[in-house]
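User: I would like to learn how to read strand pairing and helix packing in a model. Please take me through one case.

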Amino acid sequence: MGTADGMPVVRTLAELTALVERDRGLYVRWSRGPATDLPAVTSTDELTGVSMPGLSANPLDVERWWQERPVGLWVARRLHDYAHLPRDKGPGVRPWVLEGRENGRGPDNEPLVTDVRPVCWIDPSVIDEAKTEVARQEGPWGPLRRTGG
């Protein structure tokens, strides 16, 4: 891992996979980063404007039903599903890993995380690797926002 803004950076899918295999309770968040998010530790529901009690994030823990399938594919899919967010949310939005405590669920059933401890940034090259890994799979798939550019 290197560093940027004082926080380590994972630079490969293998490096992020090793982190997920080693540590449970990790989440990925797509935002402008801890410096922006940690002063308030809230997210806003875009449809209603309601303030939610925690940072909207997605869990990286592998579910039991995944069984012995490759953890790297699990992680790739978790990243690929939200790879549209930097484009949708604007400049400076990028993925980072955090630890924290779930404090509810958002409108898309995503965890709302408080007591946040930043872990690392995810380099854009990891997202490219994730897209490549998902594209290698036999079934048709795409990010959650499957319409539009």
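User: Which elements do the buried residues of α3 pack against?

Analyst: This is a predicted model, where local features need pLDDT of at least 70, side-chain atom pairs count only at pLDDT 80 or more, and totals for chains, interfaces and linings use all residues. Residues are numbered from 1 along each chain as its sequence is written, and side-chain values use heavy atoms, with hydrogens and water left out. Contact means heavy atoms within 4.5 Å. The buried residues of α3 pack against α1 (13-22), β3 (26-31), β7 (58-59), β9 and α5 (124-135). Helices (H or I, at least four residues) and strands (E, at least two) are DSSP runs, numbered from the N terminus.

User: How many residues of α3 are buried?

Analyst: Buried means under 20% relative accessible area, exposed over 50%, and partly exposed in between (1.4 Å probe, protein chains only). In α3 (residues 71-80), 9 of the 10 residues are buried, among them W74 and R78. Strand β9 (residues 111-122) is also mostly covered, with 9 of 12 residues buried.

User: Which strands pair with β9, and in which sense?

Analyst: Two strands pair if DSSP finds at least two bridges between them. Strand β8 (residues 94-105) runs antiparallel to β9 over 7 bridges, with E102 as bridge partner of V113. Strand β6 (residues 55-56) is antiparallel to β9 too, through 2 bridges; here S56 faces L112. Strand β2 (residues 7-10) pairs with β9 in the parallel sense over 2 bridges, and V10 stands opposite I122.

User: Which residue in the hairpin of β8 and β9 takes a positive phi?

Analyst: The hairpin has 5 residues between the strands, and N109 takes a positive phi near 65°.
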